[in-house]
Amino acid sequence: MTIFVLIIVFILFLFLIIFNLFHWFGIYAFIKGSPFVPTSSDWCNKILKEANLIKGKIFLEMGSGDGRLLRLANLRYGVKCIGLEINPVLIIYSRIITKFSHLNNISYIIKDFFKYDLSSCDYVYVYLLPKTIAKLTPKFIKECKHGTIIISHRFTIPFSPDKLIKVITVNDSNTYYYRL
Ligand SMILES: C[S@@+](CC[C@H](N)C(=O)[O-])C[C@H]1O[C@@H](n2cnc3c(N)ncnc32)[C@H](O)[C@@H]1O
């Protein structure tokens, strides 16, 4: 009986620590770029379908959250996925779910996306605050190779208008596709 109570107390304690870490890293992520607000699963399906992804190409998500979009992209379209995320709790969660889903070719990296070189990417997905997108725009222009597709959910990227190739709308919000 005592052991049972101890186990329950230990599990609650562990849960509290994880919850606290998630919370504090969430505040840190907000300061560094954007809070964690996931793209809904319905949207993920639609966004990926409209991207015409080519198998084997590199798909990078800046701020990969719980990794749902990358898992879907890898499973359905066979792209090689890289997720950059500043919140380690989300990275651990993403890795565990990916492992249980038996998916290969997805790497989740704990990194500030401002410090990652984008030159190898074929597709880049962002769902970030406009002020963060504005700060990232010169980096996209400088580092991404010619032809890279940048997909931005909800917010536009201040590229020249000729870079915009598609806009899709669902439930009054837009996703923007750019080709560099
Ligand atoms: C709006 S959420 C989007 C999550 C995911 N992309 C999705 O669509 O479901 C933004 C994510 O970016 C992460 N983030 C914010 N600033 C970051 C930074 N400087 N470097 C890496 N990740 C960051 C947050 O932790 C959060 O998970």
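Which residues have the most contacts inside the largest nonpolar core? They are Leu-60, Tyr-123 and Val-124, in a core of 37 residues. A nonpolar core here is a set of buried Ala, Val, Leu, Ile, Met, Phe, Trp, Tyr and Cys residues joined through C-beta atoms within 7 Å. The model is predicted: local features need pLDDT of at least 70, side-chain atom pairs count only at pLDDT 80 or more, and totals for chains, interfaces and linings use all residues. Residues are numbered from 1 along each chain as its sequence is written.

**Overall layout**

- The protein has five helices and seven strands; helices (H or I, at least four residues) and strands (E, at least two) are DSSP runs numbered from the N terminus.
- The order of elements from the N terminus is α-α-β-α-β-α-β-β-α-β-β-β.
- The C-alpha trace spans about 70 × 35 × 35 Å along its principal axes.
- Of the 180 residues, 32% count as buried. A residue is buried if 20 or more other C-beta atoms lie within 10 Å of its own, exposed if 12 or fewer, and partly exposed in between, with C-beta atoms placed from the backbone.
- Taking contacts between residues at least 6 apart in sequence, 65% join residues at least 24 apart. Two residues are in contact if their C-beta atoms, placed from the backbone, lie within 7 Å.

**Annotated span**

- An unreviewed UniProt entry carries the annotation "domain: DOT1" for residues 40–154. UniProt positions are given in the numbering used here, feature names are shortened, and annotations may be inferred rather than shown by experiment.
- The span of residues 40–154 is 41% helix and 22% strand, and its end C-alpha atoms lie 12 Å apart.

- Strand E2 covers residues 80–85, and six of its six residues are buried.
- In a regular strand the side chains alternate between the two faces of the sheet.
- On one side of E2 are Lys-80, Ile-82 and Leu-84, on the other Cys-81, Gly-83 and Glu-85, and both faces are covered.
- E2 pairs with strand E1 (residues 58–62) in the parallel sense over five bridges; two strands pair if DSSP finds at least two bridges between them.
- E2 also runs parallel to strand E3 (residues 106–110), joined to it by five bridges.
- Cys-81 is the bridge partner of Phe-59, and Ile-106 in E3 is the bridge partner of Cys-81.
- A right-handed β-α-β unit is made by E1, helix H3 (residues 68–77) and E2. E2, helix H4 (residues 88–100) and E3 make a right-handed β-α-β unit as well.
- A crossover is right-handed if, with the strands pointing away from the viewer, the path from the first strand over the helix to the second runs clockwise.

**Core contacts**

- The largest nonpolar core has 37 residues; its largest share, four residues, comes from strand E4 (residues 123–126).
- Leaving aside neighbours within four places in sequence, Leu-60 is in contact with Ile-82, Leu-84, Leu-118, Cys-121, Tyr-123 and Val-124.

- His-102 lies in the loop between H4 and E3, and its phi is near 55°, a positive value in a residue other than glycine.
- His-102 is exposed, with 7 other C-beta atoms within 10 Å.
- Asn-105, in the loop between H4 and E3, has a positive phi of about 65° although it is not a glycine.
- Asn-105 is partly exposed, with 15 other C-beta atoms within 10 Å.
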